[in-house]
Amino acid sequence: MMKRGKALGVAAVAALTFLLALTPAAAQELAKTDGVQALGRAKVVLPQGGQWVLLDAKNLDSPYGGSQTGTIPAEYKVWALLNPARELRAVLIMRASAPWGYTAGTMQWVPNCKADPKWYVVDQSGHTGLDCLIVRGRVGFGTQSPAPVGDIAAKLAAAGVALPGQVLALQHSVGNDKGSFIEARLLTSVKFRGAAGEAVPAGPLNTIHASTARWADLLAQAARGSMGSISGEYKLPDMNFSE
């Protein structure tokens, strides 16, 4: 009897230790945030549509090579958008260069804007600059997804957030010949309503709704405006969801 009681005591202590370790982390990960968020050289204005929480924030520099080698200082942040029922509406993964004054010459970005007949792709990259928008449509979302998505899903699940089985995936990257860049990756609920407006080319619309492509166009416009402005303001388009 004593041995069994001792074993149960150890298990209880182990469980309590786990909860004590998990609770502060979960509370930190789900710290509420809104308004203007600093990210490198950018000022990200998060849209309305629910409660935004900050999941991760760190320095994540970008190496470059060629005739000159070095590292672009950059900041990385991940936010999640939750509805009042603590269901996931969106995950926003962003990285932006910090002000750093590249002086080694002209930065030339390697083209990586791959076309696919099932995707909505807009490539406005030039000889040296980068400007690539890709909307992939529905993809799986969960703890078994590749990093960093799987890690993000695990954090949300540990905090009791209801996760969708599928999300809509889109991304935009823009960079100039001075080495400044902004990357945005959005994973949003399939209930996302996108944006009304001009029609997009009809090619990919058998897999991607026109309103989603239109919203992505507005996101890309906001990123280009941020790159060209002194303030760096990056105001994401409004986000609406059907319930």
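Predicted model: local features only at pLDDT ≥ 70, side-chain atom pairs only at ≥ 80, totals over all residues.
1. Serine 173. This residue is part of strand β11, which covers residues 166–175. Serine 173 counts as buried because its relative accessible area is 18%, and the cut-off for buried is under 20%. Leaving aside residues up to four places away in sequence, serine 173 touches Leu130, Asp131, Cys132, Ile182 and Glu183. Two of these contacts, Asp131 and Glu183, come up again below as salt-bridge partners: aspartate 131 with arginine 224, and glutamate 183 with arginine 95.

2. Glutamate 183 and arginine 95. The whole structure has five salt bridges. In one of them, glutamate 183 pairs with arginine 95, and the closest N and O atoms are 3.2 Å apart. Glutamate 183 sits in strand β12 (residues 181–188) and arginine 95 in strand β8 (residues 88–97), so this bridge ties together parts that are 88 residues apart in sequence. Glutamate 183 is partly exposed at 29% relative accessibility, whereas arginine 95 is buried at 13%.

3. Arginine 224 and aspartate 131. A salt bridge joins these two side chains, with an N to O distance of 2.6 Å. Helix α3 (residues 210–228) contributes arginine 224 and strand β10 (residues 130–140) contributes aspartate 131, so the parts tied together are 93 residues apart in sequence. Arginine 224 is partly exposed, at 25% relative accessibility. Aspartate 131 is buried, at 7%.

4. Lysine 118 and aspartate 116. Their side chains also form a salt bridge, at 3.3 Å from N to O. Lysine 118 has a relative accessible area of 46% and is partly exposed.

5. Tryptophan 109 and phenylalanine 181. There are three aromatic pairs in the structure. Among them is the edge-to-face pair of tryptophan 109 and phenylalanine 181, with 6.0 Å between centres and 75° between planes. Tryptophan 109 belongs to the loop between β8 and β9, and phenylalanine 181 to strand β12, so the pair ties together parts 72 residues apart in sequence. Both residues are buried.

6. Phenylalanine 192 and tryptophan 215. This aromatic pair is edge-to-face, at 5.3 Å centre to centre with 85° between the planes. Phenylalanine 192 lies in the loop between β12 and α3 and tryptophan 215 in helix α3, 23 residues apart. Phenylalanine 192 and tryptophan 215 are both buried. Ring pairs join Phe192 and Trp215 with Phe241 in a cluster.

7. Arginine 136 and tryptophan 119. Here a charged side chain meets a ring: arginine 136 lies over the face of tryptophan 119, 4.4 Å from the ring centre.

Terms used: Residues numbered from 1 in each chain as written. Heavy atoms only, no water. Helix = DSSP H or I, 4+ residues; strand = E, 2+ residues; numbered from the N terminus. Buried < 20%, exposed > 50% of the residue type's maximum accessible area, 1.4 Å probe, protein only. Contact = heavy atoms within 4.5 Å. Salt bridge = Lys/Arg side-chain N within 4 Å of Asp/Glu carboxyl O. Phe/Tyr/Trp six-rings, centres within 6.5 Å; stacked < 30°, edge-to-face > 60°. Lys NZ or Arg CZ within 6 Å of the ring centre and 35° of its normal.
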